[in-house]
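Subject: Structure handover

Hello,

Here is the structure I said I would pass on. Please open it first, then read the notes below alongside it.

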Amino acid sequence: MSFKIGNLELSGRAFLAPMAGAGDRAFREICARFGADFFTSEMVSAKALEFGDRKTMELMELGTFARPAAVQIFGSEPDVMARAAKRAMAFSPDAVDINMGCPAPKITGPGAGSALMKTPALCGEIVASVASAVSVPVTVKMRAGWDETSVNAVEVARICERAGAAAVAVHARTRSQMYAPPADWEVIRRVKEAVKIPVIGNGDVTGAQSAALMLEKTGCDAVMVGRAALGNPWVFLQINAYLTESCRIVPPPGVCERMAVMVRQIDLMCRYKGERRAMNEARKHVAWYLKGLRGAAEFRRRAGLLETRAQLDGLVKDIVAAQAG
């Protein structure tokens, strides 16, 4: 089943969620190889864009392989967000996404991210301002609400739709819940019933069967996979096979394939960021790829000491040998 986000035709239903500090260009490209259908950059500060911050500009490098892709911006001032969206267009995004979901105190403290859920009218002003500034579709990533006493995703989604949003993604937890309790998919269902634009569901999609269940229970147009894809990009292959091939179950890869994909991702990181920085950031990705393997605790410890690409080769050799032993 295909659907449109603005003028974008989407044929698949498994999207990669934006993840600060994890969802970089290299990881997005790996997920694209396994069938992810839509991508969003790590979140970018609208105010940092005002000053042309180099690291901020790097975050907006989308490349050509993992497409369609959105640049995600965060902030709380409509005019600043509009200017940021205009600057983002230099990177040729297919859409601009507005972050109304990040729960981190350093983001919510100044009133951005999920703190915007406390001021629905401001949400609409930001969407309208950004939508008037760019020619690509504007999407919104939101939470169920700020806390259990203010679950207002339906209200905010309606306001965003009226203001010009082309789609909304709903993480079915409140900000106060962070990532811990089970997601309340009923919130996604209510949002889907309340708006005419596409709704993407997020929260507790851990594999093919949970993706299918979310689509069935909520009626949402697509699912967004975040933490479940870390160290596990073939989750998109599994979801797509299950949804399009009569519930076909794709088994997880063997250790050799898993390590080969991991190395490919880290090689891309080295290409885009340089070896020193990439290997520092690769430590957490290696740890994610090790989940469930024999001797994982010791290998995670060694991964935390990685400094060079050559050291990675030695670690991978030992990991593969340990699984065969």
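A pocket, as the word is used here, is an open set of grid points with protein on both sides within 12 Å along at least five of seven lines, and its lining residues have an atom within 4 Å of a point. Please keep in mind that this is a predicted model.

Pockets

The largest pocket holds about 620 Å³ of space. Its lining is made of 32 residues, and those nearest the centre are Pro18, Met19, His171, Tyr179 and Arg227. Strands β8, β9 and β11 each give at least two residues to this lining. Sorted by class, the lining of the largest pocket has 17 nonpolar, 9 polar and 6 charged residues.

The second largest pocket has a volume of about 420 Å³. Here 18 residues form the lining, with Glu42, Glu58, Leu59, Lys273 and Arg277 nearest the centre. Two or more lining residues come from each of α1 (25-33), α3 (54-59), α11 (255-273) and α12 (275-289). Of these, α12 supplies the largest share, 4 residues. The class count for the second largest pocket is 5 nonpolar, 2 polar and 11 charged residues.

Cavity

How many cavities of 30 Å³ or more does a search of the whole structure find? The search finds 1. The volume of the largest cavity is about 100 Å³. It is lined by 15 residues, and Phe38, Asp97, Thr139, Ala169 and Met224 lie nearest its centre. Strands β8 (138-145) and β9 each contribute at least two residues to the lining of the largest cavity. In that lining, 11 residues are nonpolar, 2 are polar and 2 are charged.

Strand β10 covers residues 199-202. In a regular strand, side chains alternate between the two faces of the sheet. In β10, Val199 and Gly201 point one way, while Ile200 and Asn202 point the other way. Are these residues of β10 buried or exposed? All of them are buried.

On one side of the pairing list is strand β9 (residues 167-174), which runs parallel to β10 and is joined to it by 4 bridges. Valine 168 has valine 199 of β10 as its bridge partner. Between β9 and β10 the chain passes through helix α8 (residues 185-194), and this β-α-β crossover is right-handed.

Strand β11 (residues 222-225) also runs parallel to β10, with 3 bridges between them. Glycine 201 has valine 223 in β11 as its bridge partner. To get from β10 to β11 the chain goes through helix α9 (residues 208-218), and this β-α-β crossover is right-handed too.

Aromatic pairs

The structure holds 4 aromatic pairs. One of them is formed by phenylalanine 3 and phenylalanine 15, which are stacked, at 6.3 Å centre to centre with 20° between the planes. Phenylalanine 3 is in strand β1 (residues 3-5) and phenylalanine 15 is in strand β3 (residues 14-16), so this pair ties together parts that are 12 residues apart in sequence. Phenylalanine 3 and phenylalanine 15 are both buried. With Phe38, Phe3 and Phe15 make up one aromatic cluster. Phe38 is also one of the residues nearest the centre of the largest cavity.

Regards

Methods:
Residues numbered from 1 in each chain as written. Predicted model: local features only at pLDDT ≥ 70, side-chain atom pairs only at ≥ 80, totals over all residues. Heavy atoms only, no water. Buried < 20%, exposed > 50% of the residue type's maximum accessible area, 1.4 Å probe, protein only. Pairing = 2+ DSSP bridges. Right-handed = clockwise from strand over helix to strand, strands pointing away. 1 Å grid on protein atoms, 1.4 Å probe; cavity = no way out; pocket = protein on both sides within 12 Å on 5 of 7 lines; lining within 4 Å. Points joined across faces, edges and corners; volume = space filled by probe spheres on them. Nonpolar A, V, L, I, M, F, W, Y, C, P; charged D, E, K, R; others polar. Phe/Tyr/Trp six-rings, centres within 6.5 Å; stacked < 30°, edge-to-face > 60°.
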